[in-house]
Amino acid sequence: MPRFRAILDTMPAYKAGKAVVSADGRSHKLSSNESPYDPLPSVVEAIAEGARQINRYPDPASVRLTEALAARFGVPAEHVALGPGSVTVAQQLFETVSEPGAEVIYAWRSFEAYPLLADLAGAVSVRVPLVNEEHDLDAMADAITDRTRMIFVCTPNNPTGVPIGRDRLTAFLDRVPANVLVVLDEAYREYVRDEDVPDGLDIYRERPNVCVLRTFSKAYGLAGLRVGYLIGHEPVAAAVRKVTIPFAVNSLAQIAALASLEAEDELLARVDAVVKERTRVREALIAQGWEVPPTEANFVWLRLGDRTLEFASACGMEGVAVRPFAGEGARVSIGDPEANDTFLKAAAAFR
(Lines give C-alpha, C1' and ligand atoms only; values in the text may rest on other atoms or scores of the structure.)
Protein backbone atom coordinates (compact mmCIF):
# COMPACT_ATOMS: atom_id res chain seq x y z
CA MET A 1 0.00 0.00 0.00
CA PRO A 2 1.52 3.37 -0.98
CA ARG A 3 2.23 5.76 1.88
CA PHE A 4 0.80 9.27 1.71
CA ARG A 5 1.14 12.39 3.83
CA ALA A 6 -0.57 12.05 7.20
CA ILE A 7 -2.46 15.31 6.71
CA LEU A 8 -4.53 13.66 3.96
CA ASP A 9 -6.16 11.41 6.57
CA THR A 10 -7.78 14.35 8.33
CA MET A 11 -8.13 16.99 5.60
CA PRO A 12 -11.60 17.24 4.05
CA ALA A 13 -11.83 17.67 0.29
CA TYR A 14 -12.99 20.99 -1.14
CA LYS A 15 -16.73 20.93 -1.82
CA ALA A 16 -17.84 22.81 -4.91
CA GLY A 17 -21.35 24.18 -5.32
CA LYS A 18 -23.77 21.63 -6.72
CA ALA A 19 -26.64 21.80 -9.19
CA VAL A 20 -30.12 20.43 -8.44
CA VAL A 21 -33.22 19.70 -10.50
CA SER A 22 -36.79 20.00 -9.24
CA ALA A 23 -39.45 17.36 -9.87
CA ASP A 24 -40.76 19.40 -12.80
CA GLY A 25 -37.31 19.86 -14.34
CA ARG A 26 -36.38 23.34 -13.11
CA SER A 27 -32.73 23.97 -12.30
CA HIS A 28 -31.16 27.20 -11.04
CA LYS A 29 -27.57 26.94 -9.83
CA LEU A 30 -27.05 29.65 -7.22
CA SER A 31 -24.33 27.79 -5.34
CA SER A 32 -21.06 28.85 -6.98
CA ASN A 33 -21.15 32.66 -7.39
CA GLU A 34 -20.91 32.32 -11.16
CA SER A 35 -22.00 34.96 -13.64
CA PRO A 36 -25.54 34.19 -14.84
CA TYR A 37 -24.68 35.42 -18.33
CA ASP A 38 -23.24 33.58 -21.33
CA PRO A 39 -19.83 34.79 -22.57
CA LEU A 40 -19.91 37.86 -24.78
CA PRO A 41 -19.96 37.10 -28.53
CA SER A 42 -16.59 38.82 -28.99
CA VAL A 43 -15.06 36.62 -26.31
CA VAL A 44 -16.54 33.46 -27.81
CA GLU A 45 -15.22 34.48 -31.23
CA ALA A 46 -11.72 34.99 -29.81
CA ILE A 47 -11.82 31.61 -28.09
CA ALA A 48 -13.00 29.89 -31.28
CA GLU A 49 -10.20 31.46 -33.29
CA GLY A 50 -7.68 30.55 -30.60
CA ALA A 51 -8.80 26.94 -30.65
CA ARG A 52 -7.00 26.57 -33.97
CA GLN A 53 -3.69 26.91 -32.10
CA ILE A 54 -4.17 24.52 -29.20
CA ASN A 55 -1.70 22.06 -30.69
CA ARG A 56 0.91 24.52 -29.37
CA TYR A 57 1.85 25.12 -25.74
CA PRO A 58 0.60 28.36 -24.21
CA ASP A 59 2.94 31.25 -23.53
CA PRO A 60 4.37 30.17 -20.15
CA ALA A 61 4.83 33.78 -19.02
CA SER A 62 1.42 34.98 -20.30
CA VAL A 63 3.24 38.06 -21.58
CA ARG A 64 0.38 39.70 -23.50
CA LEU A 65 -2.10 39.22 -20.65
CA THR A 66 0.42 40.37 -18.07
CA GLU A 67 1.12 43.51 -20.06
CA ALA A 68 -2.60 44.15 -20.60
CA LEU A 69 -3.31 43.87 -16.87
CA ALA A 70 -0.36 46.13 -16.08
CA ALA A 71 -1.68 48.74 -18.50
CA ARG A 72 -5.25 48.39 -17.26
CA PHE A 73 -4.31 49.05 -13.65
CA GLY A 74 -1.30 51.32 -14.14
CA VAL A 75 1.25 49.03 -12.51
CA PRO A 76 4.62 47.65 -13.65
CA ALA A 77 4.38 44.32 -15.46
CA GLU A 78 6.86 42.96 -12.91
CA HIS A 79 4.17 43.42 -10.25
CA VAL A 80 1.75 40.98 -11.95
CA ALA A 81 1.65 37.21 -11.46
CA LEU A 82 -0.92 34.88 -12.99
CA GLY A 83 -2.36 31.47 -12.26
CA PRO A 84 -5.28 29.20 -13.22
CA GLY A 85 -7.80 30.94 -10.98
CA SER A 86 -7.11 33.14 -7.97
CA VAL A 87 -7.41 30.12 -5.68
CA THR A 88 -4.33 28.66 -7.36
CA VAL A 89 -2.49 31.95 -6.99
CA ALA A 90 -3.47 31.76 -3.30
CA GLN A 91 -1.98 28.26 -3.20
CA GLN A 92 1.21 29.63 -4.71
CA LEU A 93 1.31 32.29 -1.99
CA PHE A 94 1.01 29.62 0.71
CA GLU A 95 3.91 27.79 -0.89
CA THR A 96 6.09 30.91 -0.83
CA VAL A 97 5.73 31.53 2.92
CA SER A 98 5.15 28.10 4.45
CA GLU A 99 7.71 26.12 6.40
CA PRO A 100 7.48 24.23 9.71
CA GLY A 101 5.94 26.48 12.36
CA ALA A 102 4.92 29.27 9.98
CA GLU A 103 1.49 30.74 10.81
CA VAL A 104 -1.13 32.16 8.46
CA ILE A 105 -4.02 34.22 9.86
CA TYR A 106 -7.46 34.51 8.30
CA ALA A 107 -11.01 35.19 9.42
CA TRP A 108 -13.44 32.34 9.87
CA ARG A 109 -15.72 31.69 8.31
CA SER A 110 -14.14 32.98 5.14
CA PHE A 111 -13.17 31.41 1.81
CA GLU A 112 -13.38 27.66 2.29
CA ALA A 113 -10.11 26.95 0.49
CA TYR A 114 -7.89 28.78 2.99
CA PRO A 115 -7.61 25.97 5.56
CA LEU A 116 -7.12 23.36 2.83
CA LEU A 117 -4.32 25.36 1.23
CA ALA A 118 -2.70 25.96 4.60
CA ASP A 119 -2.78 22.26 5.47
CA LEU A 120 -1.35 21.23 2.12
CA ALA A 121 1.46 23.76 2.41
CA GLY A 122 2.28 22.71 5.96
CA ALA A 123 1.37 26.10 7.48
CA VAL A 124 -0.37 26.56 10.82
CA SER A 125 -3.84 28.07 10.43
CA VAL A 126 -4.82 30.78 12.88
CA ARG A 127 -8.56 31.29 12.46
CA VAL A 128 -10.12 34.42 13.95
CA PRO A 129 -13.94 34.25 14.32
CA LEU A 130 -16.12 36.77 12.52
CA VAL A 131 -18.06 39.32 14.55
CA ASN A 132 -21.42 40.38 13.12
CA GLU A 133 -20.53 38.54 9.89
CA GLU A 134 -17.39 40.66 9.30
CA HIS A 135 -13.67 40.46 10.00
CA ASP A 136 -12.62 41.17 13.58
CA LEU A 137 -9.53 43.09 12.54
CA ASP A 138 -8.51 44.00 16.08
CA ALA A 139 -8.48 40.34 17.06
CA MET A 140 -6.61 39.45 13.86
CA ALA A 141 -3.94 42.03 14.68
CA ASP A 142 -3.75 40.70 18.25
CA ALA A 143 -3.15 37.20 16.82
CA ILE A 144 0.09 38.22 15.07
CA THR A 145 3.21 36.59 16.50
CA ASP A 146 6.82 36.30 15.42
CA ARG A 147 5.73 33.12 13.57
CA THR A 148 3.14 34.92 11.43
CA ARG A 149 4.10 34.95 7.76
CA MET A 150 0.88 35.89 5.98
CA ILE A 151 -2.62 37.25 6.62
CA PHE A 152 -5.56 36.76 4.25
CA VAL A 153 -8.21 39.47 4.26
CA CYS A 154 -11.18 38.56 2.07
CA THR A 155 -13.14 41.70 1.18
CA PRO A 156 -16.01 41.43 0.43
CA ASN A 157 -15.90 38.34 2.58
CA ASN A 158 -16.93 35.00 1.13
CA PRO A 159 -19.49 33.72 2.17
CA THR A 160 -20.99 36.63 4.17
CA GLY A 161 -20.54 39.36 1.55
CA VAL A 162 -19.52 42.02 4.09
CA PRO A 163 -16.65 44.31 2.97
CA ILE A 164 -14.11 46.22 5.05
CA GLY A 165 -14.22 50.00 5.19
CA ARG A 166 -11.23 52.23 4.51
CA ASP A 167 -10.55 53.47 8.05
CA ARG A 168 -10.82 50.01 9.63
CA LEU A 169 -8.52 48.46 7.04
CA THR A 170 -5.95 51.26 7.34
CA ALA A 171 -5.89 51.00 11.13
CA PHE A 172 -5.38 47.24 10.85
CA LEU A 173 -2.58 47.49 8.31
CA ASP A 174 -0.81 50.02 10.51
CA ARG A 175 -0.54 47.28 13.16
CA VAL A 176 0.89 44.64 10.83
CA PRO A 177 4.70 44.28 10.87
CA ALA A 178 6.44 45.05 7.60
CA ASN A 179 7.71 41.47 7.31
CA VAL A 180 4.19 39.97 7.33
CA LEU A 181 2.50 39.68 3.94
CA VAL A 182 -1.13 40.84 3.80
CA VAL A 183 -3.19 39.42 0.95
CA LEU A 184 -6.32 41.37 0.04
CA ASP A 185 -8.50 38.74 -1.62
CA GLU A 186 -10.76 40.84 -3.86
CA ALA A 187 -12.45 38.19 -6.01
CA TYR A 188 -15.67 40.24 -5.94
CA ARG A 189 -14.21 43.73 -6.27
CA GLU A 190 -16.13 44.56 -9.45
CA TYR A 191 -19.45 44.26 -7.55
CA VAL A 192 -18.51 46.79 -4.86
CA ARG A 193 -20.56 49.99 -4.86
CA ASP A 194 -19.94 51.26 -1.33
CA GLU A 195 -17.57 54.23 -1.69
CA ASP A 196 -16.18 53.59 1.81
CA VAL A 197 -14.69 50.30 0.63
CA PRO A 198 -11.16 50.98 -0.63
CA ASP A 199 -9.67 49.61 -3.81
CA GLY A 200 -6.91 47.25 -2.72
CA LEU A 201 -4.71 48.45 -5.58
CA ASP A 202 -4.62 51.94 -4.07
CA ILE A 203 -3.42 50.41 -0.80
CA TYR A 204 -0.79 48.11 -2.33
CA ARG A 205 0.92 51.06 -4.03
CA GLU A 206 1.80 52.55 -0.63
CA ARG A 207 2.55 49.32 1.28
CA PRO A 208 5.22 46.86 0.06
CA ASN A 209 3.83 44.08 2.29
CA VAL A 210 0.33 44.24 0.71
CA CYS A 211 -0.74 42.39 -2.43
CA VAL A 212 -4.10 41.96 -4.15
CA LEU A 213 -5.77 38.85 -5.56
CA ARG A 214 -8.39 39.10 -8.30
CA THR A 215 -10.03 36.77 -10.79
CA PHE A 216 -11.70 36.56 -14.19
CA SER A 217 -14.06 33.86 -12.88
CA LYS A 218 -16.80 36.06 -11.40
CA ALA A 219 -17.59 39.42 -12.97
CA TYR A 220 -15.79 38.54 -16.21
CA GLY A 221 -17.66 35.24 -16.57
CA LEU A 222 -14.67 32.97 -17.26
CA ALA A 223 -15.10 30.50 -14.39
CA GLY A 224 -14.73 27.55 -16.76
CA LEU A 225 -11.36 28.70 -18.10
CA ARG A 226 -9.63 29.54 -14.80
CA VAL A 227 -7.66 32.80 -14.85
CA GLY A 228 -6.63 34.65 -11.72
CA TYR A 229 -3.91 37.13 -10.93
CA LEU A 230 -1.95 38.83 -8.20
CA ILE A 231 -0.72 42.41 -8.15
CA GLY A 232 2.00 43.08 -5.61
CA HIS A 233 5.44 44.59 -5.34
CA GLU A 234 8.16 42.86 -7.31
CA PRO A 235 9.55 40.61 -4.53
CA VAL A 236 6.04 39.25 -3.89
CA ALA A 237 5.10 38.73 -7.53
CA ALA A 238 8.51 37.21 -8.30
CA ALA A 239 8.17 34.70 -5.46
CA VAL A 240 4.74 33.64 -6.75
CA ARG A 241 6.07 33.19 -10.27
CA LYS A 242 8.88 30.96 -8.96
CA VAL A 243 6.39 28.39 -7.67
CA THR A 244 4.05 28.52 -10.68
CA ILE A 245 3.72 25.28 -12.63
CA PRO A 246 4.93 25.73 -16.23
CA PHE A 247 2.15 26.49 -18.74
CA ALA A 248 -0.34 26.88 -15.86
CA VAL A 249 -2.63 29.35 -17.64
CA ASN A 250 -3.79 27.68 -20.84
CA SER A 251 -3.92 29.35 -24.25
CA LEU A 252 -7.70 29.75 -24.43
CA ALA A 253 -7.80 31.21 -20.93
CA GLN A 254 -5.21 33.82 -21.87
CA ILE A 255 -7.07 34.66 -25.08
CA ALA A 256 -10.43 34.91 -23.33
CA ALA A 257 -9.05 37.13 -20.57
CA LEU A 258 -7.52 39.49 -23.12
CA ALA A 259 -10.78 39.65 -25.08
CA SER A 260 -12.68 40.29 -21.85
CA LEU A 261 -10.45 43.23 -20.96
CA GLU A 262 -11.10 44.66 -24.41
CA ALA A 263 -14.86 44.28 -23.85
CA GLU A 264 -14.74 45.50 -20.26
CA ASP A 265 -17.37 48.23 -20.62
CA GLU A 266 -19.89 45.73 -21.93
CA LEU A 267 -19.02 43.20 -19.23
CA LEU A 268 -19.28 45.75 -16.42
CA ALA A 269 -22.75 46.75 -17.65
CA ARG A 270 -23.72 43.15 -16.86
CA VAL A 271 -22.20 43.58 -13.42
CA ASP A 272 -24.46 46.59 -12.88
CA ALA A 273 -27.45 44.37 -13.67
CA VAL A 274 -26.31 41.82 -11.08
CA VAL A 275 -25.87 44.58 -8.49
CA LYS A 276 -29.44 45.77 -9.10
CA GLU A 277 -30.71 42.22 -8.66
CA ARG A 278 -28.62 41.89 -5.51
CA THR A 279 -30.38 44.90 -4.03
CA ARG A 280 -33.79 43.57 -5.05
CA VAL A 281 -33.15 40.11 -3.60
CA ARG A 282 -31.78 41.41 -0.32
CA GLU A 283 -34.66 43.86 0.16
CA ALA A 284 -37.19 41.14 -0.63
CA LEU A 285 -35.60 38.79 1.90
CA ILE A 286 -35.63 41.48 4.58
CA ALA A 287 -39.31 42.14 3.81
CA GLN A 288 -39.93 38.42 4.37
CA GLY A 289 -38.39 38.74 7.83
CA TRP A 290 -34.88 37.44 7.18
CA GLU A 291 -31.77 39.07 8.62
CA VAL A 292 -29.42 39.64 5.68
CA PRO A 293 -26.09 41.40 6.25
CA PRO A 294 -25.08 44.15 3.83
CA THR A 295 -23.33 42.57 0.87
CA GLU A 296 -21.04 44.03 -1.77
CA ALA A 297 -20.51 40.72 -3.59
CA ASN A 298 -22.69 38.79 -6.04
CA PHE A 299 -24.39 36.76 -3.31
CA VAL A 300 -26.35 37.07 -0.08
CA TRP A 301 -25.83 35.27 3.22
CA LEU A 302 -28.44 33.81 5.55
CA ARG A 303 -27.39 32.75 9.05
CA LEU A 304 -29.53 29.64 9.60
CA GLY A 305 -27.66 27.62 12.21
CA ASP A 306 -29.10 24.14 12.66
CA ARG A 307 -31.70 24.76 9.93
CA THR A 308 -29.11 25.27 7.19
CA LEU A 309 -29.30 21.86 5.55
CA GLU A 310 -33.08 21.82 5.84
CA PHE A 311 -33.21 25.17 4.06
CA ALA A 312 -30.88 23.96 1.30
CA SER A 313 -33.07 20.90 0.82
CA ALA A 314 -36.23 23.04 0.62
CA CYS A 315 -34.61 25.24 -2.03
CA GLY A 316 -33.48 22.13 -3.89
CA MET A 317 -37.05 20.89 -4.07
CA GLU A 318 -37.82 24.05 -6.05
CA GLY A 319 -34.83 23.48 -8.33
CA VAL A 320 -32.62 26.07 -6.65
CA ALA A 321 -29.12 25.03 -5.58
CA VAL A 322 -27.66 27.14 -2.75
CA ARG A 323 -24.36 26.74 -0.91
CA PRO A 324 -24.95 25.43 2.63
CA PHE A 325 -22.37 25.45 5.41
CA ALA A 326 -23.78 22.95 7.88
CA GLY A 327 -24.64 24.45 11.26
CA GLU A 328 -23.86 27.98 10.08
CA GLY A 329 -25.77 29.33 7.10
CA ALA A 330 -26.33 29.41 3.37
CA ARG A 331 -24.75 31.53 0.66
CA VAL A 332 -26.99 32.26 -2.30
CA SER A 333 -25.57 33.60 -5.56
CA ILE A 334 -27.42 36.27 -7.50
CA GLY A 335 -28.68 34.77 -10.73
CA ASP A 336 -30.96 36.00 -13.48
CA PRO A 337 -34.37 37.42 -12.46
CA GLU A 338 -36.17 34.11 -13.00
CA ALA A 339 -33.73 32.21 -10.80
CA ASN A 340 -33.88 34.90 -8.14
CA ASP A 341 -37.67 34.90 -8.13
CA THR A 342 -37.74 31.14 -7.72
CA PHE A 343 -35.32 31.38 -4.80
CA LEU A 344 -37.33 34.14 -3.14
CA LYS A 345 -40.46 32.02 -3.41
CA ALA A 346 -38.67 29.10 -1.77
CA ALA A 347 -37.27 31.34 0.97
CA ALA A 348 -40.72 32.78 1.70
CA ALA A 349 -42.25 29.32 1.96
CA PHE A 350 -39.50 28.18 4.32
CA ARG A 351 -39.73 31.24 6.53
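**Labels and their cut-offs**

Analyst: R278 and E296 meet through their side chains in a salt bridge, 3.7 Å from N to O. R278 sits in helix 10 (residues 264-288) and E296 in the loop between helix 10 and strand 9, so the pair, 18 residues apart, links distant parts of the chain. Helices (H or I, at least four residues) and strands (E, at least two) are DSSP runs, numbered from the N terminus. This is a predicted model: local features need pLDDT of at least 70, side-chain atom pairs count only at pLDDT 80 or more, and totals for chains, interfaces and linings use all residues. Residues are numbered from 1 along each chain as its sequence is written, and side-chain values use heavy atoms, leaving out hydrogens and water.

User: Why is the contact of R278 and E296 called a salt bridge?

Analyst: The term needs a side-chain nitrogen of Lys or Arg within 4 Å of a carboxyl oxygen of Asp or Glu. The N to O value here is 3.7 Å, so the pair qualifies. Side chains of opposite charge can pair when their charged atoms come close.

User: Are R278 and E296 buried or exposed?

Analyst: Buried means under 20% relative accessible area, exposed over 50%, and partly exposed in between (1.4 Å probe, protein chains only). R278 is at 5% and E296 at 13%. Both values are under the limit, so both residues are buried.

User: How many salt bridges does this rule give?

Analyst: The count comes to 18. One of them joins R303 and E133, with the closest N and O atoms 2.7 Å apart. That pair also links distant parts of the chain: R303 is in strand 9 (residues 299-303), E133 is in the loop between strand 4 (124-129) and helix 5 (137-142), and 170 residues separate them.

User: What makes R303 partly exposed?

Analyst: Its relative accessible area is 44%, so R303 falls in the in-between class.

User: How many disulfides does the search find?

Analyst: Zero, across the whole structure. C154 is in no disulfide, and its nearest cysteine sulfur, that of C211, is 13 Å away. A disulfide is a pair of cysteine sulfur atoms within 2.5 Å, so 13 Å is too far for a bond. C154 is buried at 3%, and C211 is buried at 0%.

User: What makes M1, F4, L8 and L120 a nonpolar patch?

Analyst: Patch residues have over 30% relative accessible area and no salt bridge; like charges are joined within 9 Å, nonpolar side chains (Val, Leu, Ile, Met, Phe, Trp, Tyr) within 5 Å. These four form such a patch on the surface, with about 510 Å² of accessible area together. Accessible areas come from the Shrake-Rupley method with a 1.4 Å probe; for residues, only the protein chains shown count as cover. F4 has 60% relative accessibility, so F4 counts as exposed. F4 is in the segment before strand 1 (28-29).

User: Which residue does UniProt list as "modified residue: N6-(pyridoxal phosphate)lysine"?

Analyst: The record, an unreviewed entry, lists K218. UniProt positions follow the numbering used here, feature names are shortened, and annotations may be inferred rather than shown by experiment. K218 is in the loop between strand 7 (210-215) and strand 8 (228-231).

User: Why does K218 count as buried?

Analyst: Its relative accessibility is 16%, so K218 is under the limit for buried. Leaving aside neighbours within four places in sequence, K218 is in contact (heavy atoms within 4.5 Å) with S32, N33, S35, A187, Y188 and Y191.

User: Which peptide bonds are cis?

Analyst: One joins W108 and R109, with omega about 10 degrees. Another runs from N158 to P159, with omega near 25 degrees.
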